[in-house]
Amino acid sequence: MQDFGAAFGQAFALIAGFDPALMEIIGLSMRVTFTAVVIACVIGLPLGAVLAVGKFPGRATLVVLISALMGLPPVVVGLAVYMMLSAAGPLGVLQLLYTPTAMIIAQSILVTPIIAALTRQVIEDMHGEYDELLRSMGSRRLSTVATLLWDARYSLLTAALAGLGRALAEVGAVMIVGGNINHVTRVMTTAIALETSKGALALALGLGIILVGLSILVNAGLMGLRKSAERLAYA
Amino acid sequence: MKSRSLSLLLATAFAGSLTLGQVSADDRFIIVQSTTSTQNSGLYDALLPQFAAKTGIEVRVVAVGTGQAIKNAQNCDGDVLLVHAKASEEKFVAAGYGVSRADVMYNDFVIVGPASDPAGISGSGDVKSALTAIKQAGAPFASRGDDSGTHKKELALWKAAGIDPSGDSGSWYRETGSGMGATLNVAVGMNAYVMTDRATWIAFENKGDYAIAVEGDDAMFNQYGIIQVSPDACPRVKADLGQTFIDWVLSKEGQTAIADYKRDGQQLFFPNAGEQPNS
């Protein structure tokens, strides 16, 4: 398989040459993915925490449901979002189909259950330890949630990174709602799918290598931030 | 200081979403629902910059199978349709979804196969006997199986040969349910014959030991048509911009641009706007 050697060569040439098309695609990938993960965090973190500490009817069902939704097939989410945003669909007036916004919506739906489910687990474990202390302090439920989320922030970074990984790697949803339009909605994964379908396997794999490299950089960067934040916090 | 990582994350994301908002602010663009063959062969990369330079209109191409392209256009998710399944296109117009249909260009379909040629059809110019030989040899044949223009054509050719391959689906007849490029990759991976449009084949880079086995039969003619999505069916359609694009594609300038597009010295599409179709 000389394709592997060629793939590394392609990846290197693209990076070394600061290929403008590649930079544009990487930029869009990052913008779509980060925005989707932030939205998912804004919804998923409090939702997970409420599920962890709250006591209300239907809670157990909701926990199972959100856990199960972690396995949402991207292509199904893509199809559902397409049907909502299509000009013939209920949200067609917004004219969001085939835009980066549509891709952000689809990825937010994919990532939110992951963040909510992992948050619930982290907070539930922590709540067991803190429960008595918080109650003795007379803490109300809402501030309990806030306190727990804040104290768990370093563990929750892992939940965010899991969501980020899902969004960065996903192709099925963004392909349908974005349409893989050159210079508008083409991201790393859809570009890889396109090059594969052109039979340009070395180039496709080269793009894949770059995507994995990006993922490593993002993870290393966020974990580095966490380390320095931890150091500052305890200094 | 504690929240530095979070605020950085938020700042990055919000900066990102602000930039994204500007993309949709510019309305001088149209969406063309089209086929994978025109995109994968690189035709649009050659045509669209010329059109944009002349008119300032940006053309956004969604390249899917013809079946899906027509369905998307019926949902009003496109301004122009450029596909290759004439019967379906005429039905689309007759049902009121499209204004009118015009021939744009043609090329032909070919059947490609491995060097080992298990059905012994290499060099054939008769698609009926070639398909019969494939069936008799039980040689693997990869079908798109995705309701695309190429798939519809392939089914019509089987029918003309008096063969119903659906009963053998899963044995020698293998439906990939994927686009042309993906199906070519699958076929090359399992030594199966496969029918493809010539443009995609010439531009395809993972040929392995594959070569054209069957070509030149009049029945394998491949006509592309262009349709303006009807503003009556879809009130928000950008009919003016779409018609400007269609007029340009059908003009001498557009047709010349199509004829001038070559890969490896070979012309991929042959413009025939305004001519009587020869098939």
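Q: When two helices cross, call the crossing left-handed if the near helix is turned anticlockwise from the far one by less than a right angle, and right-handed if clockwise. Which hand, left or right, does helix 5 of chain A show as it passes helix 7 of chain A?
A: Keep in mind that you're looking at a predicted model. Look where helix 5 of chain A passes helix 7 (residues 153–169) of chain A, with their axes coming within 9 Å. The crossing of helix 5 of chain A with helix 7 of chain A is right-handed.

Q: How is helix 5 of chain A oriented relative to helix 7 of chain A?
A: The axes of helix 5 of chain A and helix 7 of chain A cross at roughly 155°. Angles over 145 degrees count as roughly antiparallel. Therefore helix 5 of chain A, taken against helix 7 of chain A, is roughly antiparallel.

Q: How many residues of the contact of helix 5 of chain A with helix 7 of chain A are charged?
A: Helix 5 of chain A brings residues including L110(A), V111(A), I114(A) and I115(A), while helix 7 of chain A brings residues including A159(A), A160(A), G163(A) and R166(A). Sort the residues of this contact of helix 5 of chain A with helix 7 of chain A by class and you get eleven nonpolar and four polar. What's left is the charged class, and its count is one.

Q: How many nonpolar residues are in the contact of helix 4 of chain A with helix 5 of chain A?
A: On the helix 4 side of chain A, you can pick out P74(A), V77(A), G78(A), V81(A) and L85(A). They meet A102(A), I105(A), A106(A), I109(A) and L110(A) in helix 5 of chain A. The contact of helix 4 of chain A with helix 5 of chain A has one polar residue and no charged ones, and its nonpolar residues number nine.

Q: What does the secondary structure of chain A come to?
A: Walk along the sequence of chain A and the pattern reads α-α-α-α-α-α-α-α-α-α. There are zero strands in chain A, and the helices number ten.

Q: Is F4(A) exposed or buried?
A: F4(A) sits in helix 1 (residues 2–16) of chain A. Its C-alpha atom is 8.6 Å from that of G206(A), a residue 202 positions away along the chain. F4(A) has 12, so F4(A) counts as exposed.

Q: Is K86(B) buried or exposed?
A: Over in chain B, K86(B) belongs to helix 5 (residues 86–94). Skipping neighbours within four places in sequence, K86(B) is in contact with Q223(B) and G225(B). The cut-off for a buried residue is 20 or more other C-beta atoms within 10 Å. K86(B) has 20, so K86(B) is buried.

Q: Is D264(B) exposed or buried?
A: Most residues other than glycine have a negative phi. D264(B) isn't a glycine, yet its phi is positive, about 50°. D264(B) lies in the loop between strand 10 (262–263) and strand 11 (266–267) of chain B. With 7 other C-beta atoms within 10 Å, D264(B) is exposed.

Notes:
Residues numbered from 1 in each chain as written. Chains lettered and ligands numbered in written order. Predicted model: local features only at pLDDT ≥ 70, side-chain atom pairs only at ≥ 80, totals over all residues. Contact = placed C-beta atoms within 7 Å. Helix = DSSP H or I, 4+ residues; strand = E, 2+ residues; numbered from the N terminus. Nonpolar A, V, L, I, M, F, W, Y, C, P; charged D, E, K, R; others polar. Axes fitted to C-alpha atoms, helices over the stretch in contact; angles between N-to-C directions. Parallel < 35°, antiparallel > 145°, perpendicular 65-115°, else oblique.
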